[in-house]
Amino acid sequence: MFHRSGWNDNFPRQLDGGRVRDVQQCSTCGKLVECPKCDVSLNYHKGTQNLVCHYCGYQEKSVSHCKACGSEEISMLGFGTEKVEEDIQALFPDFKVERLDQDVTKKKSAFKDIFKSMEEGKVDILVGTQMISKGLDFENVTLVGVLNADQSLSWTDFRAVERTFQQLMQVSGRAGRHAKKGKVLIQTRQPKHPIFSFLKKQHFPSFYEWQIAERREFGYPPFSKMILITLSGKKEEIVVEASELMAKKLRLTLPKGTLGPVPPPVSKINNRYYRQIQVKYHIEKIKPQTIKAHLHDLQKALQGAPIFKSIFISIDVDPT
Ligand SMILES: [Zn+2]
Ligand SMILES: [Zn+2]
């Protein structure tokens with residue numbers, strides 16, 4: 001089954017919004033080096049040799065031993081662009097390799113400089129994140145490789161497949177846009193995933209037919225409306241209690257349309273804990289105003305209780 005018919009909270013933690021990154025892992029006990037204030041692993045930056053949290057900005061020096069078991073066998077894990085650049089350069093020592101990612105483009109002129117060298121044919125291999133495929137239209141690109149396409153496919157959002165398809169179509173468009181005919185290689189652990197047969201055909205209408213049928217079957221937008229409720233607070237048990245109570249009350253009105261609460265992909269940020277409830281409803285059956293008023297009442301009632309006074313509740317209608 002390739003469809004996520006509901007929520008699944010068993011996703012690996014290193015998937016933070018599809019960001020490409022390197023993390024450190026203990027080879028003895030398998031523990032990833034994590035941020036003390038968030039439930040994400042820290043990103044290794046080769047330049048500074050620092051471990052950085054992309055959520056709260058926390059930094060520390062790269063570790064030499066595991067905080068959990070004391071082992072000194074720490075290894076690098078991941079597909080960070082710096083690591084890929086290093087490996088590619090080792091494989092093709094005679095080629096000029098450049099890298100384009102968020103860290104590089106922090107330097108003001110980097111984007112323009114790399115773009116210019118690419119155009120002038122001074123760069124043989126360009127390694128980078130998705131930003132390569134966005135605004136750039138290089139001539140003479142004859143081969144595009146996509147590493148770890150599964151990272152965005154395994155995302156639990158119902159739009160993940162659509163988003164991945166769009167990205168891969170766009171990235172494929174980078175190869176052979178001009179006179180030369182190009183090739184695209186995609187790395188995946190799910191080569192039988194239907195998305196790849198549509199990609200091979202480069203045919204959006206048939207992809208659309210397949211996706212719309214799945215959404216109809218599982219009642220996802222555009223066949224329903226969605227609301228995402230996020231509760232957060234400093235004490236995890238209080239956040240859990242509040243979100244369970246809210247979901248219980250919502251189920252009285254929408255027994256089938258209430259999903260959760262579940263921890264979001266990143267359930268702790270800067271020492272705040274998060275839980276989410278997803279609401280699906282059909283406008284033919286319930287008016288959006290009725291749902292909104294109901295949610296507002298629930299929110300007020302919940303925050304009126306002294307124990308839940310400090311809980312923050314956000315209601316996102318038609319989340320994207
Ligand atoms: Zn360990
Ligand atoms: Zn953090």
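**Close-up 1. Strands E6 and E7 pair in the parallel sense.** In this predicted model, strand E6 (residues 97–100) and strand E7 (residues 125–128) are joined over four bridges; strands count as paired once DSSP finds at least two bridges between them. Look for Arg99, which stands opposite Val127 in E7. To get from E6 to E7, the chain goes through helix H2 (residues 110–119), making a right-handed β-α-β crossover. Helices here are DSSP runs (H or I) of at least four residues and strands (E) of at least two, numbered from the N terminus.

**Close-up 2. E2, E3 and E4 form an open antiparallel sheet.** The order is E2-E3-E4. E2 (43–45) and E4 (59–61) each have a single partner strand, so one side of each is left without a neighbour in the sheet. Three bridges join E2 to E3 (residues 50–52), and Tyr44 has Leu51 of E3 as its bridge partner.

**Close-up 3. Helices H6 and H7 cross at roughly 160°.** The axes of H6 (residues 194–201) and H7 (residues 204–218) come within 8 Å; axes are lines fitted to C-alpha atoms, over the stretch in contact for helices, with angles from 0 to 180 degrees between N-to-C directions. The two helices are therefore roughly antiparallel (angles over 145 degrees). Pro194, Phe198 and Lys201 of H6 meet Ser206, Phe207 and Trp210 of H7, contact being C-beta atoms, placed from the backbone, within 7 Å.

**Reading the labels.** Residues are numbered from 1 along each chain as its sequence is written, and chains are lettered from A and ligands numbered from 1 in the order in which they are written. Because the model is predicted, local features need pLDDT of at least 70 and side-chain atom pairs count only at pLDDT 80 or more, while totals for chains, interfaces and linings use all residues.

Note on methods
Parallel < 35°, antiparallel > 145°, perpendicular 65-115°, else oblique. Contact = placed C-beta atoms within 7 Å. Right-handed = clockwise from strand over helix to strand, strands pointing away.
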